[in-house]
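Q: I'd like to learn how to read surface patches and salt bridges in a model like this one. Can you walk me through it?

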Amino acid sequence: MKRLFLLLVTSLIAIQLYSQDIMIPPFEMGGDKILHFTASYTIAYTAYHYLQPRIGSRRARLYGSGISLGIGILKEVVDQRYRKGWEAGDLYANMGGIILFRIDIPLSK
């Protein structure tokens, strides 16, 4: 079931790459949001697998999610200060990546 879900999500992302001109406020599903989603998931997943043997599964899931969320917020602070400004859609995409990570890593591991 988990593999089917991941296949569905990656298929939707691949389809979205061909339709980046569709704008749905506040998301504006462009490449930037896909990068936020993917980077957020990857950071959480990598942090979890680094921390899990050291501190256990439950705390590693929490810390992995927190690290990913913190980096996403820090990126938006940098965007606000030095670029065009922060976007709520970027934070939503970050949260989507973290939610997929939380679904992908079962609590029983």
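This is a predicted model: local features need pLDDT of at least 70, side-chain atom pairs count only at pLDDT 80 or more; totals for chains, interfaces and linings use all residues.

Q: Which residues make the nonpolar surface patch?

A: The general idea is that a residue needs over 30% relative accessible area and no salt bridge to count, and nonpolar side chains are joined within 5 Å. Here the patch is made by Leu-69, Ile-73, Leu-74, Val-77, Val-78, Tyr-82, Met-95, Ile-99 and Ile-103, and it covers about 830 Å².

Q: Which helix gives the most to that patch?

A: That's H3, with six residues.

Q: Let me pick one member, then. Is Ile-103 buried or exposed?

A: Exposed means over 50% relative accessible area. Ile-103, which is found in helix H4, has 53%, so it counts as exposed.

Q: Now the charged side chains. How many salt bridges does a search of the whole structure find?

A: Side chains of opposite charge can pair when their charged atoms come close. In this model the search finds five salt bridges.

Q: Which residue forms a salt bridge with Lys-33?

A: Glu-87 does, with the closest N and O atoms 2.8 Å apart. Glu-87 sits in the loop between H3 and H4, while Lys-33 belongs to helix H2 (residues 31-55), so this pair ties together parts that are 54 residues apart in sequence.

Q: Are those two partners buried or exposed?

A: The cut-off for buried is under 20% relative accessible area. Glu-87 has 18% and counts as buried, and Lys-33 is buried too, at 6%.

Q: Where else does Glu-87 form a salt bridge?

A: With Lys-84, where the closest N and O atoms are 2.9 Å apart. Lys-84 counts as exposed, at 69% relative accessibility. Put together, Lys-33, Lys-84, Glu-87 and Asp-90 are linked in a network of salt bridges.

Q: What about a pair inside one helix? How many residues apart are Asp-79 and Lys-75 in helix H3?

A: They're four residues apart, which means a separation of about one helical turn. Their side chains meet in a salt bridge, at 2.7 Å from N to O.

Conventions:
Residues are numbered from 1 along each chain as its sequence is written. Side-chain values use heavy atoms; hydrogens and water are left out. Patches are made of residues with over 30% relative accessible area and no salt bridge: like charges are joined within 9 Å, nonpolar side chains (Val, Leu, Ile, Met, Phe, Trp, Tyr) within 5 Å. Accessible areas come from the Shrake-Rupley method with a 1.4 Å probe; for residues, only the protein chains shown count as cover. A salt bridge is a side-chain nitrogen of Lys or Arg within 4 Å of a carboxyl oxygen of Asp or Glu. Helices (H or I, at least four residues) and strands (E, at least two) are DSSP runs, numbered from the N terminus. Buried means under 20% relative accessible area, exposed over 50%, partly exposed in between (1.4 Å probe, protein chains only).
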